[in-house]
Amino acid sequence: MGLIKDCNKWANAHTYLVLDLVRILLGVILFVKGIEFMSNHVEMEEMGRPFQDVPGGMIILHYIVPAHFVGGILIVVGLLTRWAAIAQLPIIFGAILTNFLGTMDMNNLILSIVVLVLCLFFIVYGSGRHSVDYYLKMQQ
């Protein structure tokens with residue numbers, strides 16, 4: 001727990017508006033991807049084809065949309081940012097894996113890798129100074 005507090009102190013001392021804008025952009029990308037998956041059933045079906053023989057494959061597909069919706073909103077406002085980014089990791093690893101098991105789409109692969117790097121960064125960095133987490137912490 002002390003390590004997390006030290007990381008939070010360092011992040012709050014070295015926060016920049018640009019990093020908060022990157023966090024907001026990451027949340028918007030995740031939210032829009034959730035909308036895209038929900039509205040495009042054919043793409044979702046094609047994306048899940050490599051996982052159809054895996055036990056619980058349909059559960060995986062039903063986890064993606066709500067996790068992107070809720071996680072995207074939480075990351076945008078900066079509430080529970082680390083937990084929301086951690087919840088995205090299995091989806092992002094699956095997206096990268098899908099490119100190698102299914103049809104290779106370089107745009108999706110690059111987007112998945114960028115989102116993975118950003119999620120890992122915000123898991124370590126936290127939500128920053130311009131967030132609900134910071135506001136709630138300062139109210140205590």
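Let me begin with a definition: a residue is called buried when its relative accessible area is under 20%, exposed when that area is over 50%, and partly exposed in between, using a 1.4 Å probe and protein chains only. The structure before you is a predicted model, in which local features need pLDDT of at least 70, side-chain atom pairs count only at pLDDT 80 or more, and totals for chains, interfaces and linings use all residues. Residues are numbered from 1 along each chain as its sequence is written, and side-chain values use heavy atoms, with hydrogens and water left out.

My subject is aromatic pairs. Rings of Phe, Tyr and Trp (its six-membered ring) pair if their centres lie within 6.5 Å; planes under 30 degrees apart count as stacked, over 60 as edge-to-face, and the rest as tilted. Searching the whole structure gives four such pairs.

One of them joins Phe31 and Phe69: the ring centres are 5.2 Å apart and the planes meet at 55°, so this pair is tilted. Because Phe31 belongs to helix H2 (residues 17-39) and Phe69 to helix H4 (residues 57-77), the pair ties together parts that are 38 residues apart in sequence. Helices here are DSSP runs of H or I with at least four residues, numbered from the N terminus. Phe31 is partly exposed, at 29% relative accessibility, whereas Phe69, at 19%, counts as buried.

Which kind of pair do Phe121 and Tyr125 form? Theirs is stacked, with 5.1 Å from centre to centre and 15° between the planes. Both residues lie in helix H6 (residues 106-125), four residues apart, or about one turn of the helix. Phe121 is partly exposed at 34% relative accessibility, while Tyr125 is buried at 4%. Together with Phe122, Phe121 and Tyr125 form one aromatic cluster.

Conventions:
Helices (H or I, at least four residues) and strands (E, at least two) are DSSP runs, numbered from the N terminus.
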